[in-house]
Amino acid sequence: MRNKRNSRLMEMLAIGMIGEGIIGAIRPRRYMRLWRFGPKAYRNFIDALADHPQATRLMCAAEAGLGVWLALRNTR
């Protein structure tokens, strides 16, 4: 039972990572602005990423790739 629950949680995490990665890669500035909240240092970090859309695309593509890897690893 516990193994099945962990497997489902990993699958949900992978799906979320893939979706977020794709959306962030398509619209990096808009995506980063959605995360602009919290402490000033964090907002400054988000603003820096929004100002560098290519870096954001690269980070989001890596997130999507990691999500695919997790999903494939989970189905063994």
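User: Which residues does Met-10 touch, not counting residues up to four places away in sequence?

Analyst: Contact means that heavy atoms lie within 4.5 Å. With residues up to four places away in sequence left out, Met-10 touches Leu-70, Arg-73 and Asn-74. Between Met-10 and Arg-73, 63 residues apart in sequence, the C-alpha to C-alpha separation is 9.6 Å. Two conventions apply throughout. This is a predicted model, in which local features need pLDDT of at least 70 and side-chain atom pairs count only at pLDDT 80 or more, while totals for chains, interfaces and linings use all residues. Residues are numbered from 1 along each chain as its sequence is written, and side-chain values use heavy atoms, with hydrogens and water left out.

User: Where does Met-10 lie, and is Met-10 buried or exposed, or in between?

Analyst: Helices (H or I, at least four residues) and strands (E, at least two) are DSSP runs, numbered from the N terminus. Buried means under 20% relative accessible area, exposed over 50%, and partly exposed in between, with a 1.4 Å probe and protein chains only. Met-10 belongs to helix 1 and, with a relative accessible area of 28%, is partly exposed. Glu-20 is also placed in helix 1 and is partly exposed at 30%. Beyond its sequence neighbours up to four places away, Glu-20 touches Tyr-31, Trp-35 and Glu-63.

User: How many residues does helix 1 have, and what is its reach from first C-alpha to last?

Analyst: The expected span of a helix is 1.5 Å times one less than its number of residues. Helix 1 has 25 residues and reaches 36 Å, close to the 36 Å expected. Its buried residues are Ala-14, Met-17, Gly-21 and Gly-24, and their cover includes helix 2 and helix 4.

User: Which residues of helix 4 are buried, and what covers them?

Analyst: An α-helix has 3.6 residues a turn, so residues three or four places apart point the same way. In helix 4 the buried residues are Pro-53, Thr-56, Cys-60, Ala-64, Gly-67, Leu-70 and Ala-71. They cover an arc of only 120° around the axis, which puts them on the same side of helix 4; the arc is that of the directions from the helix axis to the C-beta atoms. Elements covering this buried set include helix 1 (2-26), helix 2 and helix 3. The face turned away from the buried side carries Gln-54, Leu-58 and Leu-72, which are exposed. As to length, the 22 residues of helix 4 should span 32 Å, and the 31 Å between the end C-alpha atoms agrees.

User: Which residues does Thr-56 touch?

Analyst: Thr-56, a residue of helix 4, counts as buried at 0% relative accessibility. Leaving out residues up to four places away in sequence, Thr-56 touches Pro-28, Met-32, Leu-49 and Ala-50. By contrast, Leu-66 of helix 4 counts as partly exposed at 41%.

User: Which residues of helix 3 are buried?

Analyst: The buried residues of helix 3 are Ile-46, Asp-47, Leu-49 and Ala-50. Viewed down the axis they fall within an arc of 160°, so they line one face of helix 3. Lys-40 and Ala-41 are exposed on the other side. Helix 2 (28-34) and helix 4 (53-74) are among the elements that cover the buried residues. One of those residues, Asp-47, counts as buried at 17% relative accessibility and touches Arg-33 and Arg-36, apart from residues up to four places away in sequence.

User: At what angle do helix 3 and helix 4 pack?

Analyst: Axes are lines fitted to C-alpha atoms, for helices over the stretch in contact, and angles run from 0 to 180 degrees between N-to-C directions. Angles under 35 degrees count as roughly parallel, over 145 as roughly antiparallel, 65 to 115 as roughly perpendicular and the rest as oblique. Helix 3 and helix 4 pack at about 100°, their axes 5 Å apart, and are therefore roughly perpendicular to each other. At this contact Leu-49, Ala-50 and Asp-51 of helix 3 meet Pro-53, Thr-56 and Met-59 of helix 4. By class, the contact has four nonpolar, one polar and one charged residues. Here Ala, Val, Leu, Ile, Met, Phe, Trp, Tyr, Cys and Pro count as nonpolar, Asp, Glu, Lys and Arg as charged, and the others, Gly among them, as polar.
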